[in-house]
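Hello,

Here is the structure I promised to pass on. Please have a look at it first, and then read my notes below.

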Amino acid sequence: MEQTIDPTLGPVLARTGDERAVLTSFLDFHRAVLLRKLRGLSDADARRRLVPSATTLAGLVKHLTVVERNWFPTLLAPEPGDVYLTSEEDAVASFTLGDQDSIVGLTEAYERACARSRAVAASIDLDHVVPHPQLGEVSLRWILAHMIEETARHAGHADILRELTDGEAGAL
């Protein structure tokens with residue numbers, strides 16, 4: 001009997017793919033999980049603080065939008081005026097929501113940032129190395145692995161926050 005694989009599970013589909021296909025499918029999977037956590041919520045629910053820190057569902061999406069821009073276009077394909085963010089103040093600000101921040105706006109900004117990240121990464125060899133202001137040098141391969149970790153970590157936070165918001169649980 002032939003098994004059917006859910007086509008939304010990119011990492012499963014890439015299980016025999018090359019290294020780039022595996023890395024990018026895991027990253028895209030966790031990007032999608034994060035956005036699924038906002039589905040069906042009001043802006044007020046997405047902004048609610050449910051833990052002692054300032055972490056919110058909406059804030060996680062805003063933060064990861066900054067992270068995508070920082071690691072891919074700013075580090076790998078900088079344009080004039082791009083500044084790689086490294087300070088603790090930058091990190092705190094990346095989670096901070098403004099009055100204008102909505103689920104729709106944050107989702108669209110994240111999707112644009114991810115699309116730009118994909119385009120930048122697709123144009124560069126995995127072995128390509130760039131200087132990093134804190135780490136010395138990093139390769140695209142390392143950046144992809146780091147972004148899987150960063151995005152999965154925050155998608156896990158989003159799992160918990162969504163469950164605390166309305167009881168919805170699960171990675172998908």
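Ile-103 counts as buried, at 14% relative accessibility (buried means under 20% relative accessible area, exposed over 50%, partly exposed in between, with a 1.4 Å probe and protein chains only). The residue sits in helix α6 (residues 103–122); helices are DSSP runs of H or I with at least four residues, strands are runs of E with at least two, and both are numbered from the N terminus. Leaving aside neighbours within four places in sequence, Ile-103 is in contact with Leu-38, Leu-41, Ser-42, Asp-43 and Ala-46, where contact means heavy atoms within 4.5 Å. Between the C-alpha atoms of Ile-103 and Leu-161, which are 58 residues apart along the chain, the separation is 15 Å.

**What the values rest on**

This is a predicted model, in which local features need pLDDT of at least 70 and side-chain atom pairs count only at pLDDT 80 or more, while totals for chains, interfaces and linings use all residues. Residues are numbered from 1 along each chain as its sequence is written, and side-chain values use heavy atoms, with hydrogens and water left out.

**The aromatic pairs**

Searching the whole structure gives 2 aromatic pairs (rings of Phe, Tyr and Trp, the last by its six-membered ring, pair if their centres lie within 6.5 Å; planes under 30 degrees apart are stacked, over 60 edge-to-face and the rest tilted). The ring centres of Trp-71 and Tyr-84 are 5.7 Å apart with planes at 85°, so this pair is edge-to-face. It links distant parts of the chain: Trp-71 lies in helix α4 (residues 57–76) and Tyr-84 in the loop between α4 and α5 (88–95), 13 residues apart. Trp-71 and Tyr-84 are both buried.

Trp-71 also pairs with Trp-142: their centres are 5.6 Å apart and their planes at 50°, so this pair is tilted. Here Trp-71 in α4 is linked to Trp-142 in helix α7 (residues 140–166), 71 residues away. Trp-142 is partly exposed, at 39% relative accessibility.

**Helices α2 and α7**

Helix α2 (residues 19–36) packs with α7 at an angle of about 25°, their axes 8 Å apart (axes are lines fitted to C-alpha atoms, for helices over the stretch in contact, and angles run from 0 to 180 degrees between N-to-C directions). That makes α2 roughly parallel to α7 (under 35 degrees; over 145 is roughly antiparallel, 65 to 115 roughly perpendicular and the rest oblique).

Best wishes
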